[in-house]
Amino acid sequence: MPRLTVRGRRVGRPVVDADESTRAHVAGAASAAAAEVDAPSTVHPDLTGAAFFDVDNTMMMGASLFWFARGLAARKYFSTRDLAGFVWQQAKFRIAGNESADDMHTIRENALAFVAGRTVEEIVQAGEEIYDELMADRIWSGTRALAQKHLDSGQRVWLVTATPVELASIIAKRLGLTGALGTVAEVVDGQYTGRLVGEMMHGPAKAEAVLALAEREGLDLSRCTAYSDSANDLPMLSLCGTAVAVNPDTELRAAAKARGWTIRDFRTGRKAAKIGVPTVAAAALSGGLVGGAVALRRRNKLPW
């Protein structure tokens, strides 16, 4: 497999099939290109060090796209029945572990169908309102404090998430972070087509986005830190000189212990109960799957 050099450090690409690797590379490059970059605000900026934070269950309780979809449902973009039925369908898929290639292809092709025909301006405005209404109170204060330490040291901080880059950028701005790497949707004449550019910002695509941003910004990945709750983000975590497992799932906790990574857990029993269904749905919804379910229902391919 080809290898990339980042500031003198050779980094191997994750081992994936050719089609997935190509989509991940395109998605990563598109996300890095779309990322807004603010200059460090301190007197002595650290130009080669940075931090990368996953969002769902790392920076925020539950899945950001779940709350975004809930806010859009309240604005009649689609019905709450669509949303509830989709959560249940995806939970069954995850528990049974029987997602077929056809299922995932259909989901990917329709991932952002619920914004097709809408203008970017409209969705951004809705996203700002929904963040203030439903997301602001769900930010983990402990993770936010970790991000602030990097900012205070002069490093830049990016979110890296499967949620649409427009929503990810809103979250980053509200938290005072540098910017965000997120899933990029195709836009024609200021309107969403409902299709993706490359792949969802998930797994290997996150690593590709970080690599592309590091090359563009002159970052030394050996001096960077990555944070996540999920083993799905091992490609991104493994790229950086320091990796931190935040509120980790079982697989990531085991990997972190084996590799000597720091583990930070900000969850409590009460907070875990508060997250509820959004946590169960996080793996599905944070992959941008709401639109796929709506599109399938319109075609009468789902039983609800």
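This is a predicted model: local features need pLDDT of at least 70, side-chain atom pairs count only at pLDDT 80 or more; totals for chains, interfaces and linings use all residues.
In which loop does N247 lie? Let me begin there: N247 lies in the loop between β9 and α10, where helices (H or I, at least four residues) and strands (E, at least two) are DSSP runs, numbered from the N terminus. Residues are numbered from 1 along each chain as its sequence is written, and side-chain values use heavy atoms, with hydrogens and water left out.

Back to N247, which has a positive phi of about 50 degrees although it is not a glycine. Most residues other than glycine have a negative phi. At 2% relative accessibility N247 counts as buried, a word that stands for under 20% relative accessible area, with exposed meaning over 50% and partly exposed in between (1.4 Å probe, protein chains only). K76 also has a positive phi without being a glycine, in this case of about 70 degrees, and the loop that holds K76 is the one between α2 and α3 (80–96). With a relative accessibility of 71%, K76 counts as exposed.

Next comes helix α10, residues 250–259, whose buried residues are L252, A255 and A256. Seen down the axis of α10, these buried residues fall within an arc of 100 degrees, so they line one face of the helix; the arc is that of the directions from the helix axis to the C-beta atoms. The face turned away from the buried side of α10 carries the exposed residues T250, K257 and A258. Among the elements that cover the buried residues of α10 are β8 (225–228), α9 (234–239), β9 (242–246) and β10 (262–264), contact here meaning heavy atoms within 4.5 Å. After α10 comes G260, whose phi is positive, near 75 degrees.

Let me turn to a pair of helices. Helix α2 (residues 64–74) and helix α5 (residues 120–135) pack at an angle of about 110 degrees, with their axes 9 Å apart. The axes are lines fitted to C-alpha atoms, for helices over the stretch in contact, and angles run from 0 to 180 degrees between N-to-C directions. The two helices, α2 and α5, are therefore roughly perpendicular to each other, since angles of 65 to 115 degrees count as roughly perpendicular, under 35 as roughly parallel, over 145 as roughly antiparallel and the rest as oblique. On the α2 side the contact is made by S64, W67, F68, R70, G71 and L72, and on the α5 side by I123, A126, G127, I130, L134 and M135.

Finally, how many aromatic pairs does a search of the whole structure find? That search finds 3, where rings of Phe, Tyr and Trp (its six-membered ring) pair if their centres lie within 6.5 Å, and planes under 30 degrees apart count as stacked, over 60 as edge-to-face and the rest as tilted. The rings of F53 and Y227 have centres 4.0 Å apart and planes at 5 degrees, so this pair is stacked. Because F53 lies in strand β3 (residues 50–53) and Y227 in strand β8, the pair ties together parts that are 174 residues apart in sequence. Both F53 and Y227 are buried. The rings of F66 and W67, with centres 5.0 Å apart and planes at 90 degrees, form an edge-to-face pair.
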